[in-house]
Amino acid sequence: MASEDSTFDIIITGAGLSGINAAYLLQSELPNHSFTVLESRDDIGGTWAFWKYPGVRSDSAMALFGFPWYPWTEGTNMADAHLIKKYMEDAAASQGIDKKIRFDHRVTSESWDSEEQRWTLHVDVTSSDGTVFEKKIFKTSWLVNATGYYSYEKPRPTVIPGIERFQGEVVHPQFWTDEVKYDNKRIIIIGSGATAITLLPALAKTAKQVTMLQRSPSYVVSLPAKDTLLQFMERFMPIQWAVKINWWIRMLAETLFVQLLLNFPNWGRKYVVEAMRRQLPKGFDVDKHFNPRYDPFEQRLCLCPRGDFFKALRGPNASVVTDHIETVTENGILLKSGETLEADMIITATGLYMVLLNKIDVFVDGVRINDTIGQRYIWNGVMLEGIPNTGFITGYVAATWTPGASTRTRQFIKVIKHAEKTGATIAAPYIDKAERARLPKEPCIPNSSTYITEVRDRLPLVANVGPWRNGKNWIEDAIRLWFGWITTGMRFTSWDRAKRD
């Protein structure tokens, strides 16, 4: 039975960027509601406290990636992980959110009971070594899942032929520790995504040789080191004004840039490829190594600060090879072309294992729903068909994460407010059978990256009509938030009415 100090109006799972932001928005817009944040680890930060590989940093401009309610004022465009973590700690403390977080509380199951009209959460309280020393039960009317969409414990499973034969060190960035030493070593990074683009210049500072081995190229875009627009405006106006104006300019510019590249892909490809060509060494085979087979934003663009990735490639100890692996040998990798790359260390930057509700079993009136998530439509990017009183908070994939997480949290708050205004105790997205039969079934993330396409059966559906959408940019989401009908596709009921229905 849940005790009084474990019963809340709202519970947030996860104290990462989305969870801290949700906590601020909830206590600002629903000040009379009790809430707590359950965090499975022993620290604030989520992704930014977890990843430890060299150079780990944001891959978006901090003017948008940071919280609008606690502006990033350092003047840098892209920040290292430890600076983002410190920023999140300061932001949480500034609003008293840090006092609401219960660390080392790992949620193992979430169960909705329509008669009780509440969620019951089973939670393991763990010690620093992960040992469970106490089990708790929490109760809540509303639940905010802000644990992201990838597993901390499990990377994307990838078959690399012969990897077990390698006599050197094999490291996955997800499990990097301070014990990994790479100075003066010959290193092969397998992969071409954001992690590989970040690792190469960081490792090249002290490694003997760094080779990024990719099956196919990615788009890489440079950002200036400093937020010069913010620095300029600070000279003429209060910082609070400068930050707000800068946010709007950045948001409009990002949205315009993304839409231009999506709607004019041939122009977009030429624009980005030519920008890369100008930063690469003269004579570099751009068509082979930096001319992707997909259009911009079919997969996420990789960003690098100050062009550090390209600067590293202009140096003597960094290179890119585009080929397929025949087999890993004792001393390196034999490629399909017949070329051999020698190595002392192989880094497998091959992607994340994507999964909603990682290691949390979710039940609705006794029925486990985890295996049916891929059959359910998502409502306005935040709630899943047939799952009551629960928001699933994620950000954008093609654009900056945080604005998406914010609009989706606000959409969920709008649901809570409407329910309470009308006397409803249950709110769940609903589609009748006839309408459902007519709706298109599209992936909620249309991105063509392998680590996403291979898990689409575990991710929700969208129809891209009505509320059955997972917004791609802030402007579209904001319009739906401000002007959309909250009752469209949503069934608000009390338990007594639900029994009669």
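**Exercise 1. Charges over rings**

Determine which ring the charged end of Lys-100 sits over in this predicted model, and which ring face Arg-491 lies over.

Solution. Start with the lysine. The charged end of Lys-100 is placed over the ring of Phe-35, and its distance from the ring centre is 5.1 Å. Then take the arginine. Arg-491 lies over the face of Tyr-430, 3.7 Å from the centre of that ring. For both residues the cut-off on the distance is 6 Å.

**Exercise 2. Aromatic pairs**

State how many aromatic pairs a search of the whole structure finds, and classify the pair of Trp-48 and Phe-65.

Solution. Step one is the count: the search returns 30 aromatic pairs. Step two is the geometry. The ring centres of Trp-48 and Phe-65 are 5.7 Å apart and the planes stand at 85°, so this pair is edge-to-face; the cut-off is over 60 degrees. Step three is the position in the chain. Trp-48 belongs to helix α2 (residues 47-50) and Phe-65 to helix α3 (residues 62-65), so the pair links distant parts of the chain, 17 residues apart. Step four is burial: Trp-48 and Phe-65 are both buried.

Now treat Phe-257 and Tyr-271 in the manner of the steps above. Their ring centres are 6.3 Å apart with planes at 65°, so the pair is edge-to-face. Phe-257 is in helix α7 (residues 239-263) and Tyr-271 in helix α8 (residues 265-279), so the pair ties together parts 14 residues apart in sequence. Phe-257 has 27% relative accessibility and therefore counts as partly exposed. Tyr-271, at 44% relative accessibility, also counts as partly exposed.

Finally, ring pairs also form a cluster, which links Tyr-24, Phe-67, Trp-69, Tyr-70, Trp-72 and Tyr-87.

**Exercise 3. Strand β12**

Decide whether the residues on the two sides of strand β12 are buried or exposed, and find how many bridges join β11 to β12.

Solution. Side chains in a regular strand alternate between the two faces of the sheet. In β12 (residues 302-305), Cys-302 and Cys-304 are on one side, with Leu-303 and Pro-305 on the other. All of these residues are buried, and both faces of β12 are covered. For the partner, strand β11 (residues 220-223) runs parallel to β12 and is joined to it by four bridges. Val-220 stands opposite Cys-302.

**Exercise 4. Helix crossing**

Describe how α1 passes α11.

Solution. The axes of helix α1 (residues 17-29) and helix α11 (residues 401-422) come within 10 Å and cross at roughly 40°. This angle makes α1 oblique to α11. The crossing is right-handed.

Note on methods. Residues numbered from 1 in each chain as written. Predicted model: local features only at pLDDT ≥ 70, side-chain atom pairs only at ≥ 80, totals over all residues. Heavy atoms only, no water. Phe/Tyr/Trp six-rings, centres within 6.5 Å; stacked < 30°, edge-to-face > 60°. Buried < 20%, exposed > 50% of the residue type's maximum accessible area, 1.4 Å probe, protein only. Lys NZ or Arg CZ within 6 Å of the ring centre and 35° of its normal. Pairing = 2+ DSSP bridges. Axes fitted to C-alpha atoms, helices over the stretch in contact; angles between N-to-C directions. Parallel < 35°, antiparallel > 145°, perpendicular 65-115°, else oblique. Left-handed = near helix turned anticlockwise from the far one by under 90°.
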